[in-house]
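Let's take a walk through a protein model together. Keep the picture open as you read, and look for each part as it comes up.

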Amino acid sequence: MSSTILHLNTERSWRGGEAQTLMLARGLARRGHRCLVVGQPRSPLVERAAESGLGVYPIMMRGDLHLGAARRIGEIIRAESVGLLHYHTAHAVSLGTLATFFSGRRPAVASRRLSIPLRNRLLGRLKYGYRVDRVIAVSEAIRRNLLARGFDPRRVEVVHSGIELDRFTGASHGRFRASLGGEGAGIGSGTFLFGTAGHFAGEKGFDLFIEAAALAARELPQARFVLVGRGEKESALRDLAVRRGVQENVLFAGFRDEMPEVFEGLDLFVLPSPLGEGSPAVVKEAMAAGVPLVATDLDGIEELTEDGRHAVLVPPGDAPAMARAMVLLAGDPPLRKRLVAAARQQVRKFAAERMVEKTEAIYRSLGIAP
(Lines give C-alpha, C1' and ligand atoms only; values in the text may rest on other atoms or scores of the structure.)
Protein backbone atom coordinates (compact mmCIF):
# COMPACT_ATOMS: atom_id res chain seq x y z
CA MET A 1 0.00 0.00 0.00
CA SER A 2 1.19 3.55 -0.75
CA SER A 3 3.38 5.00 2.00
CA THR A 4 2.06 8.50 1.36
CA ILE A 5 0.68 9.69 4.69
CA LEU A 6 -1.56 12.72 5.07
CA HIS A 7 -1.32 14.46 8.44
CA LEU A 8 -4.38 16.57 9.20
CA ASN A 9 -4.21 19.27 11.89
CA THR A 10 -6.90 21.94 12.22
CA GLU A 11 -5.23 24.26 14.76
CA ARG A 12 -4.27 27.82 13.85
CA SER A 13 -1.81 28.30 16.71
CA TRP A 14 1.46 26.61 17.64
CA ARG A 15 1.10 24.37 20.67
CA GLY A 16 2.33 20.97 21.77
CA GLY A 17 0.14 19.00 19.40
CA GLU A 18 1.39 20.95 16.40
CA ALA A 19 5.02 20.48 17.45
CA GLN A 20 4.37 16.73 17.72
CA THR A 21 2.67 16.66 14.30
CA LEU A 22 5.70 18.27 12.66
CA MET A 23 8.22 16.14 14.58
CA LEU A 24 6.43 12.95 13.54
CA ALA A 25 6.13 13.95 9.89
CA ARG A 26 9.82 14.86 9.72
CA GLY A 27 10.83 11.61 11.40
CA LEU A 28 8.69 9.51 9.09
CA ALA A 29 10.10 11.32 6.05
CA ARG A 30 13.61 10.40 7.18
CA ARG A 31 12.44 6.79 7.27
CA GLY A 32 11.29 6.85 3.67
CA HIS A 33 7.64 7.79 3.98
CA ARG A 34 6.13 10.55 1.89
CA CYS A 35 4.38 12.90 4.29
CA LEU A 36 1.85 15.59 3.42
CA VAL A 37 0.62 18.14 5.95
CA VAL A 38 -2.82 19.70 5.66
CA GLY A 39 -3.28 22.66 7.98
CA GLN A 40 -4.77 26.11 8.31
CA PRO A 41 -3.44 28.79 5.92
CA ARG A 42 -0.53 30.81 7.37
CA SER A 43 -0.49 28.68 10.50
CA PRO A 44 2.93 28.07 12.10
CA LEU A 45 2.57 24.35 11.38
CA VAL A 46 2.05 24.87 7.66
CA GLU A 47 4.91 27.35 7.45
CA ARG A 48 7.35 25.16 9.37
CA ALA A 49 6.34 22.04 7.47
CA ALA A 50 7.03 23.84 4.18
CA GLU A 51 10.42 24.99 5.48
CA SER A 52 11.18 21.35 6.31
CA GLY A 53 10.54 20.27 2.73
CA LEU A 54 7.31 18.43 3.44
CA GLY A 55 4.37 18.54 1.06
CA VAL A 56 1.97 21.18 2.35
CA TYR A 57 -1.67 21.97 1.60
CA PRO A 58 -3.07 25.07 3.34
CA ILE A 59 -6.85 24.76 3.58
CA MET A 60 -9.24 26.97 5.50
CA MET A 61 -11.13 24.63 7.83
CA ARG A 62 -14.13 25.99 9.72
CA GLY A 63 -15.20 23.32 12.18
CA ASP A 64 -15.87 19.60 12.10
CA LEU A 65 -18.38 19.58 9.27
CA HIS A 66 -16.99 22.16 6.85
CA LEU A 67 -18.16 20.53 3.64
CA GLY A 68 -15.97 22.58 1.28
CA ALA A 69 -12.83 21.76 3.25
CA ALA A 70 -13.75 18.08 3.40
CA ARG A 71 -14.28 17.98 -0.36
CA ARG A 72 -10.88 19.62 -0.96
CA ILE A 73 -9.14 17.19 1.41
CA GLY A 74 -10.83 14.32 -0.43
CA GLU A 75 -9.47 15.64 -3.74
CA ILE A 76 -5.95 15.75 -2.29
CA ILE A 77 -6.27 12.20 -0.98
CA ARG A 78 -7.18 10.95 -4.44
CA ALA A 79 -4.70 13.09 -6.40
CA GLU A 80 -1.76 12.24 -4.13
CA SER A 81 -2.64 8.54 -3.82
CA VAL A 82 -2.65 8.84 -0.03
CA GLY A 83 -2.37 5.46 1.67
CA LEU A 84 -3.08 6.48 5.27
CA LEU A 85 -4.67 9.39 7.12
CA HIS A 86 -3.44 10.58 10.50
CA TYR A 87 -5.73 12.95 12.41
CA HIS A 88 -3.93 15.07 15.01
CA THR A 89 -6.83 17.05 16.53
CA ALA A 90 -10.38 16.24 17.58
CA HIS A 91 -11.79 18.44 14.80
CA ALA A 92 -9.50 16.70 12.31
CA VAL A 93 -11.10 13.34 13.14
CA SER A 94 -14.57 14.52 12.08
CA LEU A 95 -13.35 16.51 9.08
CA GLY A 96 -11.06 13.76 7.82
CA THR A 97 -13.75 11.14 8.17
CA LEU A 98 -16.09 13.35 6.17
CA ALA A 99 -13.38 13.77 3.50
CA THR A 100 -13.25 10.00 2.96
CA PHE A 101 -16.78 10.13 1.57
CA PHE A 102 -15.29 12.12 -1.32
CA SER A 103 -12.04 10.15 -1.65
CA GLY A 104 -13.00 6.62 -0.69
CA ARG A 105 -12.02 4.73 2.44
CA ARG A 106 -8.40 4.79 3.61
CA PRO A 107 -6.77 3.38 6.76
CA ALA A 108 -6.92 6.09 9.41
CA VAL A 109 -5.23 6.79 12.74
CA ALA A 110 -6.32 9.42 15.29
CA SER A 111 -4.18 10.86 18.07
CA ARG A 112 -5.79 11.61 21.43
CA ARG A 113 -3.63 13.98 23.49
CA LEU A 114 -5.95 15.19 26.26
CA SER A 115 -6.71 13.31 29.45
CA ILE A 116 -10.00 15.22 29.75
CA PRO A 117 -12.82 12.65 29.31
CA LEU A 118 -14.81 12.71 26.10
CA ARG A 119 -17.93 14.80 26.68
CA ASN A 120 -20.34 12.28 25.22
CA ARG A 121 -19.61 8.58 25.61
CA LEU A 122 -21.68 7.42 22.64
CA LEU A 123 -20.71 10.22 20.24
CA GLY A 124 -17.06 9.89 21.27
CA ARG A 125 -17.02 6.20 20.44
CA LEU A 126 -18.69 6.93 17.12
CA LYS A 127 -16.30 9.77 16.27
CA TYR A 128 -13.14 7.81 17.05
CA GLY A 129 -14.52 4.50 15.80
CA TYR A 130 -16.23 5.12 12.49
CA ARG A 131 -13.65 4.85 9.69
CA VAL A 132 -10.84 5.20 12.26
CA ASP A 133 -8.71 2.06 12.58
CA ARG A 134 -6.45 2.97 15.50
CA VAL A 135 -6.46 5.57 18.24
CA ILE A 136 -3.06 6.61 19.54
CA ALA A 137 -3.25 7.70 23.19
CA VAL A 138 -0.23 9.70 24.32
CA SER A 139 -0.38 8.18 27.81
CA GLU A 140 -1.63 5.07 29.57
CA ALA A 141 -3.99 7.32 31.54
CA ILE A 142 -5.69 8.44 28.33
CA ARG A 143 -5.93 4.84 27.15
CA ARG A 144 -7.59 3.83 30.43
CA ASN A 145 -10.01 6.72 30.05
CA LEU A 146 -10.98 5.60 26.54
CA LEU A 147 -11.39 1.96 27.54
CA ALA A 148 -13.63 3.01 30.44
CA ARG A 149 -15.88 4.61 27.84
CA GLY A 150 -16.25 1.43 25.87
CA PHE A 151 -13.45 1.64 23.30
CA ASP A 152 -12.14 -1.66 21.94
CA PRO A 153 -8.75 -2.24 23.65
CA ARG A 154 -7.39 -3.75 20.43
CA ARG A 155 -7.84 -0.41 18.69
CA VAL A 156 -6.21 1.89 21.28
CA GLU A 157 -2.43 1.97 21.57
CA VAL A 158 -0.10 4.14 23.65
CA VAL A 159 2.69 6.20 22.09
CA HIS A 160 4.09 8.89 24.34
CA SER A 161 4.89 12.21 22.71
CA GLY A 162 8.60 12.59 22.05
CA ILE A 163 11.27 15.25 22.26
CA GLU A 164 14.50 15.83 20.36
CA LEU A 165 16.94 15.27 23.20
CA ASP A 166 19.92 16.82 21.42
CA ARG A 167 18.17 20.19 21.24
CA PHE A 168 18.26 20.56 25.00
CA THR A 169 21.98 20.41 25.62
CA GLY A 170 24.56 23.15 25.18
CA ALA A 171 22.29 26.22 24.97
CA SER A 172 23.60 29.57 26.22
CA HIS A 173 22.89 29.93 29.93
CA GLY A 174 22.91 33.71 29.99
CA ARG A 175 21.03 34.69 26.84
CA PHE A 176 17.50 34.15 28.15
CA ARG A 177 18.18 35.97 31.42
CA ALA A 178 19.72 38.89 29.56
CA SER A 179 16.65 39.08 27.30
CA LEU A 180 14.47 39.59 30.38
CA GLY A 181 16.25 42.83 31.23
CA GLY A 182 19.05 41.59 33.49
CA GLU A 183 19.71 43.79 36.50
CA GLY A 184 17.07 46.24 35.31
CA ALA A 185 14.44 43.55 35.92
CA GLY A 186 16.02 42.50 39.19
CA ILE A 187 17.77 39.51 37.63
CA GLY A 188 21.39 39.21 38.69
CA SER A 189 23.69 36.24 38.39
CA GLY A 190 22.48 34.95 41.74
CA THR A 191 18.76 35.54 41.26
CA PHE A 192 16.71 32.38 41.58
CA LEU A 193 14.51 32.17 38.47
CA PHE A 194 11.34 30.08 38.48
CA GLY A 195 9.63 29.54 35.16
CA THR A 196 6.64 28.06 33.41
CA ALA A 197 5.65 27.97 29.75
CA GLY A 198 2.74 27.27 27.43
CA HIS A 199 -0.32 28.78 25.82
CA PHE A 200 -2.06 31.15 28.22
CA ALA A 201 -5.39 29.34 28.32
CA GLY A 202 -7.63 28.81 31.31
CA GLU A 203 -7.01 25.09 31.65
CA LYS A 204 -3.23 25.51 31.87
CA GLY A 205 -3.21 26.79 35.45
CA PHE A 206 -1.00 29.85 35.01
CA ASP A 207 -3.19 31.65 37.55
CA LEU A 208 -2.13 28.98 40.05
CA PHE A 209 1.51 29.66 39.21
CA ILE A 210 1.04 33.35 40.01
CA GLU A 211 -0.82 32.50 43.24
CA ALA A 212 2.07 30.20 44.21
CA ALA A 213 4.57 32.88 43.23
CA ALA A 214 2.87 35.37 45.56
CA LEU A 215 3.20 32.88 48.43
CA ALA A 216 6.78 31.87 47.60
CA ALA A 217 7.88 35.50 47.24
CA ARG A 218 7.15 36.03 50.94
CA GLU A 219 10.11 33.77 51.72
CA LEU A 220 12.11 34.51 48.56
CA PRO A 221 11.57 38.23 47.92
CA GLN A 222 14.49 38.46 45.48
CA ALA A 223 13.28 35.55 43.32
CA ARG A 224 11.68 36.11 39.93
CA PHE A 225 8.84 34.12 38.35
CA VAL A 226 8.69 34.12 34.55
CA LEU A 227 5.85 33.06 32.27
CA VAL A 228 6.83 32.15 28.71
CA GLY A 229 4.09 32.18 26.08
CA ARG A 230 1.09 34.08 24.82
CA GLY A 231 -2.65 33.55 24.84
CA GLU A 232 -6.08 34.90 25.53
CA LYS A 233 -5.60 34.92 29.32
CA GLU A 234 -2.48 37.11 29.37
CA SER A 235 -4.26 40.32 30.38
CA ALA A 236 -6.08 38.53 33.22
CA LEU A 237 -2.81 37.00 34.41
CA ARG A 238 -1.09 40.39 34.45
CA ASP A 239 -4.00 41.80 36.46
CA LEU A 240 -3.74 38.91 38.92
CA ALA A 241 -0.04 39.60 39.48
CA VAL A 242 -0.91 43.22 40.31
CA ARG A 243 -3.71 42.19 42.68
CA ARG A 244 -1.38 39.81 44.48
CA GLY A 245 1.29 42.51 44.75
CA VAL A 246 3.97 40.61 42.81
CA GLN A 247 4.01 42.56 39.56
CA GLU A 248 7.70 43.32 40.15
CA ASN A 249 8.52 39.66 40.75
CA VAL A 250 6.44 38.18 37.90
CA LEU A 251 7.79 38.61 34.38
CA PHE A 252 6.03 37.92 31.08
CA ALA A 253 8.59 36.82 28.50
CA GLY A 254 6.31 36.41 25.47
CA PHE A 255 6.49 33.52 23.01
CA ARG A 256 9.95 31.99 22.65
CA ASP A 257 10.82 29.68 19.80
CA GLU A 258 14.14 28.64 21.34
CA MET A 259 12.93 26.77 24.40
CA PRO A 260 16.37 25.20 25.04
CA GLU A 261 17.70 28.68 25.87
CA VAL A 262 14.70 29.28 28.14
CA PHE A 263 15.35 26.12 30.11
CA GLU A 264 19.07 26.84 30.35
CA GLY A 265 18.25 30.17 31.97
CA LEU A 266 15.87 28.79 34.60
CA ASP A 267 16.72 27.44 38.04
CA LEU A 268 13.42 25.56 38.37
CA PHE A 269 10.50 24.79 36.08
CA VAL A 270 6.87 24.53 37.20
CA LEU A 271 4.01 22.74 35.46
CA PRO A 272 0.89 24.20 37.15
CA SER A 273 -1.84 22.61 34.99
CA PRO A 274 -4.83 21.42 37.03
CA LEU A 275 -6.10 18.97 34.38
CA GLY A 276 -5.93 17.58 30.87
CA GLU A 277 -2.22 17.48 30.06
CA GLY A 278 -1.90 13.93 28.75
CA SER A 279 1.86 13.50 28.27
CA PRO A 280 3.27 17.05 28.30
CA ALA A 281 6.37 17.51 26.18
CA VAL A 282 7.37 20.55 28.21
CA VAL A 283 7.95 18.31 31.25
CA LYS A 284 10.23 16.06 29.21
CA GLU A 285 12.04 19.07 27.79
CA ALA A 286 12.75 20.43 31.28
CA MET A 287 14.03 17.01 32.33
CA ALA A 288 16.30 16.78 29.27
CA ALA A 289 17.62 20.30 29.83
CA GLY A 290 18.57 19.52 33.42
CA VAL A 291 16.08 21.85 35.10
CA PRO A 292 14.59 20.74 38.45
CA LEU A 293 10.86 20.25 38.19
CA VAL A 294 7.74 20.90 40.26
CA ALA A 295 4.58 19.55 38.61
CA THR A 296 0.98 18.85 39.45
CA ASP A 297 0.27 15.17 40.01
CA LEU A 298 -2.06 14.61 37.05
CA ASP A 299 -3.04 11.37 35.36
CA GLY A 300 -0.19 10.64 32.98
CA ILE A 301 2.47 12.63 34.84
CA GLU A 302 3.32 9.59 36.96
CA GLU A 303 4.27 7.82 33.72
CA LEU A 304 6.99 10.43 33.18
CA THR A 305 8.24 11.22 36.66
CA GLU A 306 8.30 9.66 40.12
CA ASP A 307 7.67 12.00 43.04
CA GLY A 308 10.86 12.57 45.01
CA ARG A 309 13.00 10.79 42.43
CA HIS A 310 12.70 12.82 39.22
CA ALA A 311 10.56 15.75 40.40
CA VAL A 312 8.42 17.06 43.22
CA LEU A 313 4.72 16.48 42.51
CA VAL A 314 1.92 18.44 44.16
CA PRO A 315 -1.89 18.06 44.19
CA PRO A 316 -3.63 19.71 41.22
CA GLY A 317 -5.09 23.14 41.97
CA ASP A 318 -3.17 23.52 45.26
CA ALA A 319 -1.23 26.79 45.07
CA PRO A 320 0.06 26.62 48.69
CA ALA A 321 1.48 23.12 48.10
CA MET A 322 3.06 24.34 44.87
CA ALA A 323 4.63 27.28 46.69
CA ARG A 324 5.99 25.03 49.44
CA ALA A 325 7.61 22.74 46.86
CA MET A 326 9.12 25.72 45.05
CA VAL A 327 10.60 27.13 48.24
CA LEU A 328 11.85 23.70 49.31
CA LEU A 329 13.77 23.12 46.09
CA ALA A 330 15.11 26.67 45.92
CA GLY A 331 16.71 26.12 49.31
CA ASP A 332 18.11 22.64 48.69
CA PRO A 333 20.78 22.52 45.92
CA PRO A 334 21.77 18.88 46.65
CA LEU A 335 18.15 17.76 46.20
CA ARG A 336 17.90 19.68 42.93
CA LYS A 337 21.08 18.00 41.72
CA ARG A 338 19.78 14.50 42.56
CA LEU A 339 16.45 15.11 40.85
CA VAL A 340 18.15 16.43 37.71
CA ALA A 341 20.52 13.48 37.44
CA ALA A 342 17.70 10.94 37.73
CA ALA A 343 15.42 12.90 35.38
CA ARG A 344 18.03 13.01 32.63
CA GLN A 345 18.24 9.23 32.71
CA GLN A 346 14.45 8.83 32.78
CA VAL A 347 13.76 11.15 29.85
CA ARG A 348 15.74 9.01 27.43
CA LYS A 349 12.65 6.79 27.23
CA PHE A 350 10.84 9.60 25.43
CA ALA A 351 13.25 10.36 22.59
CA ALA A 352 11.58 11.48 19.36
CA GLU A 353 12.93 8.51 17.45
CA ARG A 354 11.16 6.10 19.77
CA MET A 355 7.90 7.96 19.20
CA VAL A 356 8.39 7.77 15.43
CA GLU A 357 9.29 4.06 15.56
CA LYS A 358 6.21 3.15 17.61
CA THR A 359 3.92 5.16 15.36
CA GLU A 360 5.43 3.56 12.27
CA ALA A 361 4.79 0.13 13.78
CA ILE A 362 1.10 1.02 14.06
CA TYR A 363 1.09 2.13 10.42
CA ARG A 364 2.71 -1.16 9.41
CA SER A 365 -0.03 -3.07 11.19
CA LEU A 366 -2.43 -1.31 8.80
CA GLY A 367 -0.41 -2.24 5.72
CA ILE A 368 1.71 0.92 5.30
CA ALA A 369 5.44 0.48 4.66
CA PRO A 370 8.09 2.81 3.16
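This is a predicted model: local features need pLDDT of at least 70, side-chain atom pairs count only at pLDDT 80 or more; totals for chains, interfaces and linings use all residues.

Let's begin with an open sheet of seven strands, whose order is 3-2-1-4-5-6-7 and whose pairing is parallel. From one strand to the next, the twist averages 20°. What holds such neighbours together? Strands of a sheet pair through backbone hydrogen bonds, and they can do this in a parallel or an antiparallel way.

Now step into the sheet and look at some of its pairs. Strand 4 (residues 84–87) pairs with strand 5 (residues 108–112) in the parallel sense, over three bridges. To find this pair on your screen, look for H86, which stands opposite V109 in strand 5. Helix 1 (residues 16–30) touches strand 1 (4–8), strand 2 (34–39) and strand 4, and its direction makes about 175° with that of strand 1. Helix 2 (residues 44–51) packs on the sheet as well, touching strand 2 and strand 3, and its direction makes about 155° with that of strand 3.

Next comes strand 6, which pairs with strand 5 in the parallel sense over four bridges. Here V135 of strand 6 is the bridge partner of A110. Strand 6 also runs parallel to strand 7, and three bridges join the two; in this pair, I136 stands opposite E157 of strand 7.

Which way do the residues of strand 6 (residues 134–137) point? In a regular strand, side chains alternate between the two faces of the sheet. In strand 6, R134 and I136 point one way, while V135 and A137 point the other way. All of these residues are buried.

G55 lies in strand 3. Leaving aside residues up to four places away in sequence, G55 touches C35, L36 and V37. Take C35 as an example: G55 and C35 are 20 residues apart in sequence, and their C-alpha atoms are 6.5 Å apart in space.

Now move along to another open sheet, which has six strands in the order 10-9-8-11-12-13, with parallel pairing. Its edges are strand 10 (250–254) and strand 13 (312–314), each with a single partner strand, so one side of each is left without a neighbour in the sheet. Neighbouring strands here are turned by 25° against each other on average, direction ignored. Strand 9 (residues 224–228) and strand 10 pair in the parallel sense over four bridges, and G254 in strand 10 is the bridge partner of V228. Helix 8 (residues 206–219) packs on this sheet and touches strand 8 (193–197), strand 9, strand 10 and strand 11 (268–271). The direction of helix 8 makes about 170° with that of strand 9.

Helix 11 brings M287, A288 and A289 to the contact, and helix 13 brings A343, R344 and Q346. By class, four of these residues are nonpolar, one is polar and one is charged.

Finally, visit two loops. Most residues other than glycine have a negative phi. Phi of S81, however, is a positive value near 50°. S81 lies in the loop between helix 3 (67–79) and strand 4, and S81 is partly exposed, with a relative accessible area of 44%. R131 also has a positive phi, near 60°, and is found in the loop between helix 5 (121–127) and strand 6.

Technical notes. Residues are numbered from 1 along each chain as its sequence is written. Side-chain values use heavy atoms; hydrogens and water are left out. Two strands pair if DSSP finds at least two bridges between them. Axes are lines fitted to C-alpha atoms, for helices over the stretch in contact, and angles run from 0 to 180 degrees between N-to-C directions. Contact means heavy atoms within 4.5 Å. Ala, Val, Leu, Ile, Met, Phe, Trp, Tyr, Cys and Pro count as nonpolar, Asp, Glu, Lys and Arg as charged, and the others, Gly among them, as polar. Buried means under 20% relative accessible area, exposed over 50%, partly exposed in between (1.4 Å probe, protein chains only).
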